[in-house]
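Try each task before you read its solution.

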Amino acid sequence: MGAAQRELTDEVMRRFSGGETASNEEIPRPSPSSPRLRGGAASDRSDRIDARHDVTFVYDYTSERDDLRSLYEKAKSAQWNAKDALAWDTKVDPEAENFANSFIPIFGTPIWDKLDKTRELPQLRRHVCSYLLSNFLHGEQGALLATSQLACSVPNAEAKLYAATQALDEARHVEVYSRYLREKIELTYPVSPHLKALLDEILREPRWDMKFLGMQILVEGLALAAFGVISQTANEPLIREIVRLIMLDESRHVAFGVLSLKGLYEEMSASDLADREEFIVEASRLMRDRFLMQEVWENLGLPVDECLDAVHNSPIMQTFQSLLFSKIVPNVKKLGLMTPRVRKGFEDLRVIQYETWDASA
Ligand SMILES: [Fe+2]
Ligand SMILES: [Fe+2]
(Lines give C-alpha, C1' and ligand atoms only; values in the text may rest on other atoms or scores of the structure.)
(Ligands and ions follow the chains in the order given, each with its own letter.)
Protein backbone atom coordinates (compact mmCIF):
# COMPACT_ATOMS: atom_id res chain seq x y z
CA MET A 1 0.00 0.00 0.00
CA GLY A 2 1.42 3.42 -0.97
CA ALA A 3 1.77 6.29 1.48
CA ALA A 4 -1.14 8.28 0.03
CA GLN A 5 -3.42 5.25 0.06
CA ARG A 6 -2.42 4.44 3.64
CA GLU A 7 -3.09 8.04 4.68
CA LEU A 8 -6.55 7.83 3.10
CA THR A 9 -7.32 4.54 4.81
CA ASP A 10 -6.13 5.91 8.16
CA GLU A 11 -8.31 8.97 7.70
CA VAL A 12 -11.36 6.83 6.88
CA MET A 13 -10.68 4.65 9.94
CA ARG A 14 -10.27 7.71 12.15
CA ARG A 15 -13.54 9.25 10.97
CA PHE A 16 -15.46 5.99 11.26
CA SER A 17 -14.33 5.47 14.83
CA GLY A 18 -14.95 9.12 15.68
CA GLY A 19 -17.67 8.35 18.24
CA GLU A 20 -20.49 9.97 16.30
CA THR A 21 -23.17 7.43 17.10
CA ALA A 22 -24.94 9.03 20.06
CA SER A 23 -28.59 8.05 20.05
CA ASN A 24 -31.09 10.11 18.07
CA GLU A 25 -28.52 12.14 16.27
CA GLU A 26 -29.53 14.92 13.98
CA ILE A 27 -26.96 15.70 11.36
CA PRO A 28 -26.65 19.46 10.79
CA ARG A 29 -28.20 20.85 7.68
CA PRO A 30 -25.78 21.39 4.75
CA SER A 31 -25.47 24.94 3.45
CA PRO A 32 -27.67 25.26 0.37
CA SER A 33 -25.54 25.10 -2.74
CA SER A 34 -28.24 25.20 -5.38
CA PRO A 35 -28.94 28.62 -6.92
CA ARG A 36 -32.61 27.70 -6.82
CA LEU A 37 -32.60 27.72 -3.03
CA ARG A 38 -33.46 31.31 -2.37
CA GLY A 39 -35.50 33.53 -0.05
CA GLY A 40 -37.16 32.56 3.20
CA ALA A 41 -35.51 31.93 6.52
CA ALA A 42 -33.82 28.60 7.25
CA SER A 43 -32.51 27.00 10.42
CA ASP A 44 -31.95 23.42 11.56
CA ARG A 45 -35.45 23.38 13.11
CA SER A 46 -37.60 24.97 10.42
CA ASP A 47 -37.51 26.75 7.09
CA ARG A 48 -39.92 29.45 5.91
CA ILE A 49 -40.38 30.05 2.20
CA ASP A 50 -42.41 32.73 0.42
CA ALA A 51 -45.26 31.15 -1.49
CA ARG A 52 -48.32 32.53 -3.26
CA HIS A 53 -51.18 30.54 -4.68
CA ASP A 54 -54.84 31.08 -5.53
CA VAL A 55 -57.53 30.34 -2.98
CA THR A 56 -60.75 29.46 -4.81
CA PHE A 57 -64.25 28.93 -3.45
CA VAL A 58 -66.32 26.64 -5.66
CA TYR A 59 -70.11 26.89 -5.21
CA ASP A 60 -71.10 24.09 -7.52
CA TYR A 61 -71.17 21.07 -5.21
CA THR A 62 -72.87 18.71 -7.65
CA SER A 63 -70.67 15.89 -8.84
CA GLU A 64 -69.21 16.75 -12.23
CA ARG A 65 -66.32 14.36 -12.02
CA ASP A 66 -67.42 10.85 -11.13
CA ASP A 67 -63.84 9.57 -11.44
CA LEU A 68 -62.59 12.01 -8.77
CA ARG A 69 -65.65 11.36 -6.57
CA SER A 70 -65.00 7.63 -6.66
CA LEU A 71 -61.29 8.15 -5.84
CA TYR A 72 -62.43 10.24 -2.85
CA GLU A 73 -64.73 7.40 -1.71
CA LYS A 74 -61.85 4.93 -2.06
CA ALA A 75 -59.57 7.18 -0.03
CA LYS A 76 -62.07 7.41 2.84
CA SER A 77 -62.49 3.64 3.08
CA ALA A 78 -58.76 2.93 2.81
CA GLN A 79 -57.62 4.99 5.80
CA TRP A 80 -55.35 3.21 8.30
CA ASN A 81 -54.06 4.23 11.69
CA ALA A 82 -50.27 4.12 11.83
CA LYS A 83 -50.35 3.66 15.59
CA ASP A 84 -52.23 0.34 15.40
CA ALA A 85 -51.55 -1.00 11.90
CA LEU A 86 -47.81 -1.58 12.40
CA ALA A 87 -45.79 -3.81 14.73
CA TRP A 88 -43.85 -1.00 16.42
CA ASP A 89 -42.40 -3.43 18.99
CA THR A 90 -40.29 -5.10 16.22
CA LYS A 91 -36.61 -5.05 17.20
CA VAL A 92 -34.49 -3.37 14.53
CA ASP A 93 -30.70 -3.35 14.49
CA PRO A 94 -29.94 -0.10 12.60
CA GLU A 95 -26.50 -1.38 11.60
CA ALA A 96 -27.67 -4.71 10.18
CA GLU A 97 -28.07 -5.43 6.48
CA ASN A 98 -31.68 -4.17 6.47
CA PHE A 99 -31.22 -3.21 2.82
CA ALA A 100 -28.90 -5.36 0.69
CA ASN A 101 -25.28 -4.18 0.83
CA SER A 102 -25.30 -4.10 -2.95
CA PHE A 103 -27.65 -1.09 -2.73
CA ILE A 104 -24.86 0.96 -1.16
CA PRO A 105 -23.55 2.84 -4.20
CA ILE A 106 -19.86 2.30 -3.40
CA PHE A 107 -20.43 -1.49 -3.15
CA GLY A 108 -17.71 -3.43 -4.95
CA THR A 109 -15.44 -0.41 -5.51
CA PRO A 110 -11.87 0.03 -4.15
CA ILE A 111 -13.33 2.30 -1.41
CA TRP A 112 -15.63 -0.54 -0.41
CA ASP A 113 -12.77 -3.04 -0.36
CA LYS A 114 -10.90 -0.83 2.12
CA LEU A 115 -13.77 -0.62 4.61
CA ASP A 116 -13.42 -2.49 7.89
CA LYS A 117 -16.40 -4.83 7.48
CA THR A 118 -16.93 -5.34 11.20
CA ARG A 119 -16.82 -1.72 12.33
CA GLU A 120 -17.07 0.71 9.40
CA LEU A 121 -19.59 -1.14 7.25
CA PRO A 122 -22.31 -1.31 9.96
CA GLN A 123 -22.03 2.48 10.42
CA LEU A 124 -22.18 3.05 6.71
CA ARG A 125 -25.34 0.90 6.51
CA ARG A 126 -27.00 2.97 9.23
CA HIS A 127 -26.11 6.26 7.54
CA VAL A 128 -27.25 5.16 4.07
CA CYS A 129 -30.53 3.84 5.50
CA SER A 130 -31.06 7.06 7.44
CA TYR A 131 -30.25 9.23 4.40
CA LEU A 132 -32.74 7.37 2.23
CA LEU A 133 -35.58 7.28 4.75
CA SER A 134 -34.96 10.85 5.98
CA ASN A 135 -35.36 12.14 2.46
CA PHE A 136 -38.56 10.14 2.11
CA LEU A 137 -39.70 11.79 5.35
CA HIS A 138 -38.90 15.31 4.13
CA GLY A 139 -40.56 14.52 0.79
CA GLU A 140 -43.69 13.39 2.67
CA GLN A 141 -43.81 16.69 4.50
CA GLY A 142 -43.43 18.48 1.14
CA ALA A 143 -46.39 16.45 -0.12
CA LEU A 144 -48.44 17.38 2.97
CA LEU A 145 -47.77 21.09 2.36
CA ALA A 146 -48.34 20.94 -1.42
CA THR A 147 -51.59 18.99 -1.07
CA SER A 148 -52.88 21.47 1.49
CA GLN A 149 -52.18 24.24 -1.03
CA LEU A 150 -54.00 22.22 -3.71
CA ALA A 151 -57.12 21.91 -1.55
CA CYS A 152 -57.15 25.72 -1.53
CA SER A 153 -56.32 26.42 -5.13
CA VAL A 154 -57.79 23.70 -7.36
CA PRO A 155 -60.98 25.07 -9.03
CA ASN A 156 -63.06 21.90 -8.68
CA ALA A 157 -65.14 20.71 -5.74
CA GLU A 158 -64.36 16.97 -6.06
CA ALA A 159 -60.64 17.68 -6.31
CA LYS A 160 -60.77 19.80 -3.13
CA LEU A 161 -62.41 16.94 -1.21
CA TYR A 162 -59.91 14.44 -2.52
CA ALA A 163 -56.94 16.75 -1.76
CA ALA A 164 -58.10 16.90 1.86
CA THR A 165 -57.88 13.10 2.14
CA GLN A 166 -54.44 13.17 0.61
CA ALA A 167 -53.29 15.75 3.17
CA LEU A 168 -54.31 13.27 5.90
CA ASP A 169 -52.51 10.43 4.09
CA GLU A 170 -49.34 12.52 3.91
CA ALA A 171 -49.59 13.43 7.60
CA ARG A 172 -49.69 9.69 8.37
CA HIS A 173 -46.63 9.10 6.17
CA VAL A 174 -44.72 11.85 8.01
CA GLU A 175 -45.76 10.25 11.32
CA VAL A 176 -44.58 6.78 10.26
CA TYR A 177 -41.20 7.68 8.75
CA SER A 178 -40.32 10.09 11.56
CA ARG A 179 -41.20 7.48 14.19
CA TYR A 180 -39.20 4.75 12.43
CA LEU A 181 -36.15 7.02 12.10
CA ARG A 182 -36.40 8.21 15.70
CA GLU A 183 -37.07 4.85 17.38
CA LYS A 184 -35.31 2.34 15.12
CA ILE A 185 -32.47 4.07 13.26
CA GLU A 186 -31.81 6.81 15.84
CA LEU A 187 -30.34 9.07 13.20
CA THR A 188 -32.02 11.67 11.01
CA TYR A 189 -30.46 13.35 7.98
CA PRO A 190 -31.37 16.84 6.73
CA VAL A 191 -33.18 17.16 3.43
CA SER A 192 -31.00 16.77 0.34
CA PRO A 193 -30.48 20.22 -1.28
CA HIS A 194 -31.66 18.76 -4.60
CA LEU A 195 -34.94 17.53 -3.13
CA LYS A 196 -35.43 20.75 -1.13
CA ALA A 197 -34.91 22.85 -4.26
CA LEU A 198 -37.61 20.87 -6.05
CA LEU A 199 -40.07 20.98 -3.12
CA ASP A 200 -39.57 24.74 -2.78
CA GLU A 201 -40.19 25.19 -6.48
CA ILE A 202 -43.48 23.27 -6.23
CA LEU A 203 -44.61 25.11 -3.10
CA ARG A 204 -43.78 28.55 -4.56
CA GLU A 205 -45.47 27.80 -7.86
CA PRO A 206 -48.74 29.79 -8.10
CA ARG A 207 -50.29 27.74 -10.96
CA TRP A 208 -52.30 24.82 -9.57
CA ASP A 209 -51.65 22.49 -12.50
CA MET A 210 -47.89 22.92 -12.02
CA LYS A 211 -48.26 21.88 -8.39
CA PHE A 212 -50.03 18.74 -9.56
CA LEU A 213 -47.40 18.13 -12.19
CA GLY A 214 -44.56 18.61 -9.72
CA MET A 215 -45.99 16.74 -6.76
CA GLN A 216 -48.44 14.10 -7.99
CA ILE A 217 -46.78 13.20 -11.28
CA LEU A 218 -43.05 13.76 -10.65
CA VAL A 219 -42.26 13.55 -6.90
CA GLU A 220 -44.90 10.93 -6.09
CA GLY A 221 -44.28 9.00 -9.29
CA LEU A 222 -40.64 8.72 -8.28
CA ALA A 223 -41.51 7.86 -4.67
CA LEU A 224 -43.87 5.11 -5.80
CA ALA A 225 -41.15 3.52 -7.94
CA ALA A 226 -38.54 3.82 -5.12
CA PHE A 227 -40.93 2.36 -2.54
CA GLY A 228 -41.62 -0.52 -4.94
CA VAL A 229 -37.92 -1.40 -5.04
CA ILE A 230 -37.65 -1.18 -1.23
CA SER A 231 -40.77 -3.22 -0.55
CA GLN A 232 -39.40 -6.01 -2.74
CA THR A 233 -35.81 -6.00 -1.50
CA ALA A 234 -35.68 -4.89 2.17
CA ASN A 235 -34.74 -7.57 4.70
CA GLU A 236 -36.27 -5.79 7.68
CA PRO A 237 -39.97 -6.68 8.09
CA LEU A 238 -41.19 -3.46 9.75
CA ILE A 239 -39.88 -1.12 7.04
CA ARG A 240 -41.18 -3.51 4.37
CA GLU A 241 -44.68 -3.32 5.87
CA ILE A 242 -44.47 0.48 6.30
CA VAL A 243 -43.58 0.92 2.66
CA ARG A 244 -46.27 -1.52 1.52
CA LEU A 245 -48.98 0.42 3.35
CA ILE A 246 -47.71 3.79 2.14
CA MET A 247 -47.63 2.54 -1.46
CA LEU A 248 -51.36 1.79 -1.31
CA ASP A 249 -51.94 5.48 -0.57
CA GLU A 250 -49.35 6.77 -3.04
CA SER A 251 -50.83 4.96 -6.02
CA ARG A 252 -54.11 6.86 -5.36
CA HIS A 253 -52.14 10.12 -5.22
CA VAL A 254 -50.54 9.56 -8.62
CA ALA A 255 -53.99 8.64 -10.02
CA PHE A 256 -55.33 11.93 -8.58
CA GLY A 257 -52.71 13.85 -10.59
CA VAL A 258 -53.39 11.99 -13.81
CA LEU A 259 -57.21 12.39 -13.51
CA SER A 260 -56.97 16.07 -12.59
CA LEU A 261 -54.67 17.01 -15.46
CA LYS A 262 -56.25 14.81 -18.14
CA GLY A 263 -57.01 16.86 -21.27
CA LEU A 264 -55.71 20.12 -19.77
CA TYR A 265 -52.67 20.43 -22.02
CA GLU A 266 -54.41 19.70 -25.32
CA GLU A 267 -55.57 23.28 -25.76
CA MET A 268 -52.73 25.08 -24.00
CA SER A 269 -50.80 27.83 -25.83
CA ALA A 270 -47.23 27.12 -26.91
CA SER A 271 -45.74 29.63 -24.46
CA ASP A 272 -47.68 28.22 -21.48
CA LEU A 273 -46.74 24.72 -22.55
CA ALA A 274 -43.06 25.73 -22.70
CA ASP A 275 -43.15 26.51 -18.93
CA ARG A 276 -44.44 22.99 -18.23
CA GLU A 277 -41.80 21.43 -20.46
CA GLU A 278 -39.00 23.32 -18.76
CA PHE A 279 -40.36 22.39 -15.35
CA ILE A 280 -40.50 18.66 -16.17
CA VAL A 281 -36.96 18.61 -17.54
CA GLU A 282 -35.44 20.61 -14.68
CA ALA A 283 -37.35 18.71 -11.97
CA SER A 284 -36.32 15.37 -13.44
CA ARG A 285 -32.66 16.36 -13.28
CA LEU A 286 -33.01 17.44 -9.64
CA MET A 287 -34.73 14.15 -8.78
CA ARG A 288 -32.00 12.07 -10.36
CA ASP A 289 -29.36 13.94 -8.34
CA ARG A 290 -31.15 13.53 -5.04
CA PHE A 291 -29.71 10.03 -4.59
CA LEU A 292 -26.04 11.00 -4.83
CA MET A 293 -25.73 10.74 -1.00
CA GLN A 294 -22.98 13.36 -0.91
CA GLU A 295 -23.77 14.19 2.74
CA VAL A 296 -23.19 10.56 3.76
CA TRP A 297 -19.75 10.42 2.20
CA GLU A 298 -18.87 13.75 3.82
CA ASN A 299 -20.12 12.75 7.27
CA LEU A 300 -18.20 9.50 7.26
CA GLY A 301 -15.02 11.14 5.99
CA LEU A 302 -14.95 9.09 2.81
CA PRO A 303 -13.30 10.57 -0.31
CA VAL A 304 -16.31 12.46 -1.69
CA ASP A 305 -15.24 12.78 -5.32
CA GLU A 306 -14.37 9.10 -5.56
CA CYS A 307 -17.69 8.17 -3.95
CA LEU A 308 -19.64 10.41 -6.34
CA ASP A 309 -17.80 8.82 -9.27
CA ALA A 310 -18.71 5.42 -7.85
CA VAL A 311 -22.39 6.44 -7.65
CA HIS A 312 -22.34 7.67 -11.24
CA ASN A 313 -20.66 4.51 -12.49
CA SER A 314 -22.37 1.91 -10.29
CA PRO A 315 -24.48 -0.38 -12.51
CA ILE A 316 -26.92 -1.00 -9.63
CA MET A 317 -27.38 2.73 -9.00
CA GLN A 318 -27.81 3.38 -12.72
CA THR A 319 -30.53 0.75 -12.85
CA PHE A 320 -32.13 2.06 -9.64
CA GLN A 321 -32.05 5.72 -10.75
CA SER A 322 -33.44 4.80 -14.12
CA LEU A 323 -36.22 2.65 -12.59
CA LEU A 324 -37.28 5.65 -10.52
CA PHE A 325 -38.63 7.17 -13.72
CA SER A 326 -40.69 4.12 -14.68
CA LYS A 327 -43.95 5.73 -13.48
CA ILE A 328 -43.13 9.32 -14.42
CA VAL A 329 -42.32 8.86 -18.10
CA PRO A 330 -45.50 6.96 -19.10
CA ASN A 331 -47.68 9.37 -17.10
CA VAL A 332 -46.08 12.44 -18.71
CA LYS A 333 -46.83 10.83 -22.06
CA LYS A 334 -50.41 10.01 -21.02
CA LEU A 335 -50.96 13.70 -20.22
CA GLY A 336 -49.85 14.73 -23.73
CA LEU A 337 -46.63 16.34 -22.48
CA MET A 338 -44.12 14.16 -24.33
CA THR A 339 -43.11 17.06 -26.59
CA PRO A 340 -39.77 17.05 -28.47
CA ARG A 341 -38.18 19.08 -25.67
CA VAL A 342 -39.36 16.77 -22.89
CA ARG A 343 -38.40 13.73 -24.95
CA LYS A 344 -34.87 15.13 -25.35
CA GLY A 345 -34.70 15.71 -21.57
CA PHE A 346 -35.71 12.11 -20.88
CA GLU A 347 -33.26 10.87 -23.53
CA ASP A 348 -30.44 12.81 -21.85
CA LEU A 349 -31.35 11.16 -18.53
CA ARG A 350 -31.53 7.80 -20.35
CA VAL A 351 -35.07 7.05 -19.16
CA ILE A 352 -37.03 7.42 -22.40
CA GLN A 353 -37.39 3.63 -22.66
CA TYR A 354 -40.19 3.75 -20.05
CA GLU A 355 -42.55 5.63 -22.36
CA THR A 356 -44.20 2.36 -23.36
CA TRP A 357 -44.50 1.02 -19.81
CA ASP A 358 -47.82 0.73 -18.02
CA ALA A 359 -47.62 3.31 -15.18
CA SER A 360 -50.29 1.53 -13.17
CA ALA A 361 -48.36 -1.76 -13.11
FE1 LIG B 1 -46.90 10.20 0.95
FE1 LIG C 1 -48.44 10.99 -1.62
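## Exercise 1: A pair of crossing helices

The crossing between helices α6 and α9 is a left-handed one. This is a predicted model, so keep in mind that you are working with a prediction.

**Task.** Work out how α6 and α9 run relative to each other, and list who meets whom.

**Solution.** 

Step 1. Start with what you need: two packed helices are described by the angle between their axes and the distance between the axes.

Step 2. Find the values. Helix α6 covers residues 157–185 and helix α9 covers residues 237–261; their axes cross at roughly 155° and come within 11 Å.

Step 3. Angles over 145 degrees count as roughly antiparallel, so α6 is roughly antiparallel to α9.

Step 4. Look at the contact. From α6 come Ala159, Tyr162, Gln166, Asp169, His173, Val176 and Tyr180, and they meet Ile239, Ile242, Ile246, Asp249, His253, Phe256 and Ser260 of α9.

Step 5. Sort those residues by type: eight are nonpolar, four polar and two charged.

Step 6. Check the spacing of the numbers. An α-helix has 3.6 residues a turn, so residues three or four places apart point the same way.

## Exercise 2: A second pair

**Solution.** 

Step 1. α7 spans residues 193–204 and α10 spans residues 270–289; they pack at an angle of about 150°, with axes 8 Å apart.

Step 2. That angle makes α7 roughly antiparallel to α10.

Step 3. Now the handedness: α7 passes α10 in a left-handed crossing.

Step 4. On the α7 side, His194, Ala197 and Leu198 make the contact, and on the α10 side it's Ala283, Leu286, Met287 and Asp289.

Step 5. By type, this contact has five nonpolar residues, one polar and one charged.

## Exercise 3: Zooming in on α10

**Task.** How far does α10 reach, and which of its residues are buried?

**Solution.** 

Step 1. α10 has 20 residues, and at 1.5 Å a residue you'd expect 28 Å. From first C-alpha to last, α10 reaches 29 Å, close to that expected value.

Step 2. The buried residues of α10 are Arg276, Glu277, Phe279, Ile280, Ala283, Ser284, Leu286 and Met287.

Step 3. Ask what they pack against: α7, α8 (208–233), α14 (328–334) and α15 (340–348).

## Exercise 4: Stepping back

**Task.** How many helices and strands does the protein chain have, and what percentage of its residues count as buried?

**Solution.** 

Step 1. Count the elements: 15 helices and four strands.

Step 2. Of the chain's 361 residues, 39% count as buried.

Notes
Residues numbered from 1 in each chain as written. Chains lettered and ligands numbered in written order. Predicted model: local features only at pLDDT ≥ 70, side-chain atom pairs only at ≥ 80, totals over all residues. Axes fitted to C-alpha atoms, helices over the stretch in contact; angles between N-to-C directions. Helix = DSSP H or I, 4+ residues; strand = E, 2+ residues; numbered from the N terminus. Parallel < 35°, antiparallel > 145°, perpendicular 65-115°, else oblique. Left-handed = near helix turned anticlockwise from the far one by under 90°. Contact = placed C-beta atoms within 7 Å. Nonpolar A, V, L, I, M, F, W, Y, C, P; charged D, E, K, R; others polar. Expected span 1.5 Å × (residues − 1). Buried ≥ 20, exposed ≤ 12 C-beta atoms within 10 Å, placed from the backbone.
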